[in-house]
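Here's a quick briefing to get you started. Take a look at the structure first, and then we'll go through it topic by topic.

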Amino acid sequence: MSDEELLIKYRKYKKKRMIIIFGLILIFLLVMISYLYFHFNNTSSPEIIEKKQEELVIKDEDAPIIKLKINYLEITKGDDIHYLDYVESAIDEVDGDLIEQVQYEKIDTSVIGESSIVYTVSDKSGNSSQTILSVLIKEETKQEENSSSLPQQSENAKPIQKNEPAPTPPKNEEIPSPSIQETSPKIDNTSGKIIKYFLFSDGYTMKNVAEVCATELRKTNKTGICSPIQDENGIYLGMKLETN
């Protein structure tokens, strides 16, 4: 075989080899494209996408924020506290409104002094925060207690008159006689009556004048009466002893 024939045959072989190599490369590319196409189509399902999104979620490290309506509260000893009424909001950047998850520590309102209510809230990631409401527990005002304990005066009650005489003490009450000299009896010679006066101006008092008069009547061994003496204004002046 001549050199020209060999050269022609070599060129044909080389051309065929290049076609085969190119074909193999083309087949390989088609296979890779097909594989990638089906792979991405299968992994784009909603469940897989959601799973991947969950994996890509950034970790929540921020705690929620509790906001109170007031920071200081004054109550009276024994009052009831509506704890959640003082919470305005509890917001988390990821979980949103958490006011229903707010926890608190109750205090003893029977103890007078300063106390604190601690409010706590946590999000789903475990981040928690606290805030404090200061409370002052005071004693009940004495003014209210005194006003409620005072007796109510009747509208029909009669006011006490300064000139109204004090009541005569009972005769069975043992009261010592005054140490002053008794007034001399006045004797009616015509009828034999004895009249004697026991006046407050002589030192007798409402506590002993009735007893002194009764004692003196017994000494006379006569029947008689001890009667109070009043002036024109109704003021008691003493007692009068008069025998029959």
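A patch here is a group of residues that each have over 30% relative accessible area and no salt bridge, with nonpolar side chains joined within 5 Å. Keep in mind that this is a predicted model. With that said, here's a tour of the surface patches and then the strands.

**A nonpolar patch**
- Met 18, Ile 21, Ile 25, Phe 28, Leu 29, Met 32 and Ile 33 make up a nonpolar surface patch of about 670 Å².
- Take Ile 21 as one of them: you'll find Ile 21 in helix α1, which covers residues 3-42.
- Ile 21 has a relative accessibility of 39%, so it counts as partly exposed.

**A negative patch**
- There's also a patch of negative charge on the surface, where Asp 79, Asp 80, Glu 139 and Glu 140 gather.
- Glu 140 sits in the loop that links β7 (128-138) with α3 (142-149).
- With a relative accessible area of 39%, Glu 140 is partly exposed.

- Two bridges hold the antiparallel pairing of β3 (residues 87-92) with β4.
- Look for Ile 91, whose bridge partner in β4 is Asp 97.

**The four-stranded sheet**
- Another open sheet has four strands, ordered β2-β7-β6-β5, and here the pairing is mixed.
- Its edge strands are β2 (72-76) and β5 (103-104), and each of these pairs on one side only.
- β5 runs antiparallel to β6 (residues 113-122), and the pair has two bridges.
- Tyr 104 has Tyr 119 in β6 as its bridge partner.

**Strands around β11**
- β11 (residues 236-243) is antiparallel to β9 (residues 194-199), and five bridges join the two.
- β11 also pairs in the antiparallel sense with β10 (residues 224-230), this time through seven bridges.
- Gly 238 is a handy spot to look at: in β11, Gly 238 stands opposite Leu 199, and Gly 238 is also the bridge partner of Ile 229.
- The hairpin of β10 and β11 has five residues between its strands, and Gly 234 in this hairpin takes a positive phi near 85°.

Key
Residues are numbered from 1 along each chain as its sequence is written. This is a predicted model: local features need pLDDT of at least 70, side-chain atom pairs count only at pLDDT 80 or more; totals for chains, interfaces and linings use all residues. Side-chain values use heavy atoms; hydrogens and water are left out. Patches are made of residues with over 30% relative accessible area and no salt bridge: like charges are joined within 9 Å, nonpolar side chains (Val, Leu, Ile, Met, Phe, Trp, Tyr) within 5 Å. Accessible areas come from the Shrake-Rupley method with a 1.4 Å probe; for residues, only the protein chains shown count as cover. A salt bridge is a side-chain nitrogen of Lys or Arg within 4 Å of a carboxyl oxygen of Asp or Glu. Lys and Arg count as positive and Asp and Glu as negative; His and the chain ends are not counted. The place of a charge is taken as NZ of Lys, CZ of Arg, CG of Asp or CD of Glu. Buried means under 20% relative accessible area, exposed over 50%, partly exposed in between (1.4 Å probe, protein chains only). Two strands pair if DSSP finds at least two bridges between them.
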